[in-house]
Amino acid sequence: MRIEFAGALYHVTSRGDGREDIFLDDADRELFLEVLEEVGERFNWTLHAYCLMDNHYHLLLETPDSNLAKGMRHLNGVYTQRFNRKHKRVGHVFQGRYKAIIVQKQTYLLELARYIVLNPVRARMVRAARDWPWSSYRATATMAATPPWLATDWILSAFSDKRSAAIERYKAFIAEGKNQPALWEQLKNQIYLGTDAFVEKMQTKKPEKQDLSEIPLSQRRAMAKALEHYAAKGSSRDEAIANAYNSGAYSMKEIGNHFGLHYSRVSRIIAHQRKVKES
């Protein structure tokens, strides 16, 4: 049963089908982050931390609009479409449903942020978190540019009001976490990470009905049609653009390149078409 509410904080993981890799190369990881950015913008998510491994990923995200399931369907479904198209394959990429844990912000935000970026270290893929380029650590530690879709201020503000001091304390906090015990011993009812009072409060919220809609249908679709198909079938250019994007197979940049538009213009067109459809 899924519990969703405005402002909920989740630790989300999703694994490859049959434990197979969901990223075959760094270009796949770039592709996933591109989709994640689109999903974050579309569903108004706030992403605090992430880590992309080989056969799974971790996200620490907040949902101001109570829409985790919808966003996850889009994230895993669209990535599946683009991954399959890129590698000329069909079928599942992810293993069934994602796993989401509801997190008590004040108590476990920092611990989970640390756990997530230390995944490659615990797996002995690298010696330190800074050595893995596919997590939020380097951006939070200002060792790399911070993408616009990643929120680092909330985590850093927990260490100091002064940014420079906060960054140094964050680095030390991560380094001290290598030998910390796993958080999952404190997990309650398999979906809560928080105090007893927090769990009791969460249990008063009405859970969503479980249904098959949480399994991305796009994982079972055939390979997407070519962009020329959408251009020819759409009653207008803007409708063709929206249909191509909604297929899940193409990024805004790819669509923009085909139609001779900047991806920011494509984004506005898609948003407008969505409003027209909903009105």
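Select His74 to begin: at 16% relative accessibility, His74 counts as buried, where buried denotes under 20% relative accessible area, exposed over 50% and partly exposed in between (1.4 Å probe, protein chains only). The model is predicted, so local features need pLDDT of at least 70 and side-chain atom pairs count only at pLDDT 80 or more, while totals for chains, interfaces and linings use all residues. Residues are numbered from 1 along each chain as its sequence is written, and side-chain values use heavy atoms, with hydrogens and water left out.

His74 is found in helix α2, residues 68-87; helices (H or I, at least four residues) and strands (E, at least two) are DSSP runs numbered from the N terminus. Now display the residues in contact with His74, meaning heavy atoms within 4.5 Å. Leaving aside neighbours within four places in sequence, these are Val39, Arg42, Phe43, Tyr79 and Tyr245.

Finally, select strand β4, residues 99-103, of which four of the five residues are buried. β4 pairs with strand β1 (residues 8-15) in the antiparallel sense over four bridges; pairing requires at least two DSSP bridges between two strands. Here Thr13 stands opposite Lys99. With strand β5 (residues 192-193), β4 pairs in the parallel sense over two bridges, and Ile102 stands opposite Tyr192.
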